[in-house]
Each structure stands twice: as structure tokens, then as C-alpha cells.
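Hi everyone, thanks for coming.

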Amino acid sequence: MMPTKVMYLEFEEDGALEFTFFLAQKLSMTVSQLQLKMSQKEFMQWSMYYQRDAQRKELASKKSSG
């Protein structure tokens, strides 16, 4: 089955969906497994962790180049 335009748009419009796939990949799980095994609270905490980590890396990069 080929991805449809709607599938692409879902990823473009829903950052949580993209993060769900990212986290599942990092944990070597399917999305279904992740959703069954992880609470919504823990999922949100992981999301916040990666956002803060990206911010720290961006700030460090700006400091080293500027």
C-alpha cells in the first residue's frame, strides 16, 4: 500500500503523530505497542524531554558559531 496524500498531511499537521513514530523507533517498538505500554503522561514527558534537548543543542550550536 502506497502512502496517500492524506497520510502525508497527517504528519505535516500533527507533530504528536510524528513524535509518536520517532519515539516508537527509538524504543524499538511499533506505534501500537508504544500506545499500549506507555501512559499518556509518560508520553508527554518524553515529548517535553526531546523538545528541551533540541533547544539545548540549538543554543549550544549558536554559542559555538557566534
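Let's start with a quick one: where is the place of Asp14? Asp14 sits in the loop between H1 and helix H2, which covers residues 15-26. Keep in mind that what you're looking at is a predicted model. Asp14 counts as partly exposed, because its relative accessibility is 36%. It also belongs to a negative surface patch, together with Glu10, Glu12, Glu13 and Glu18. Helix H1, residues 5-13, gives the most to that patch, with three residues.

Now over to Thr20, which is in helix H2. Is Thr20 buried or exposed? Buried, as its relative accessibility is 8%. Beyond its neighbours within four places in sequence, Thr20 is in contact with Val31, Leu34, Gln35 and Phe43.

Next up, salt bridges. There are three in the structure. Asp53, Arg56 and Lys57 are linked in a network. Arg56 meets Asp53 at 4.0 Å, N to O, and for Lys57 and Asp53 the closest N and O atoms are 3.1 Å apart. Both pairs are in helix H4: Arg56 is three residues from Asp53, and Lys57 is four residues from Asp53, so that's about one helical turn for each pair. Asp53 is buried at 18% relative accessible area, whereas Lys57 is exposed at 54% and Arg56 is partly exposed at 43%.

And then there's Glu58 with Lys62, where the closest N and O atoms are 3.3 Å apart. Those two also lie in helix H4, four residues apart. Glu58 is partly exposed at 48%, and Lys62 is exposed at 53%.

How values were computed. Residues numbered from 1 in each chain as written. Predicted model: local features only at pLDDT ≥ 70, side-chain atom pairs only at ≥ 80, totals over all residues. Heavy atoms only, no water. Patch = residues over 30% accessible without salt bridge, like charges linked within 9 Å, V, L, I, M, F, W, Y side chains within 5 Å. Areas by Shrake-Rupley, 256 points an atom, 1.4 Å probe, with all protein chains shown as cover. Salt bridge = Lys/Arg side-chain N within 4 Å of Asp/Glu carboxyl O. Lys, Arg positive; Asp, Glu negative; His and termini not counted. Charge placed at Lys NZ, Arg CZ, Asp CG, Glu CD. Buried < 20%, exposed > 50% of the residue type's maximum accessible area, 1.4 Å probe, protein only. Contact = heavy atoms within 4.5 Å.
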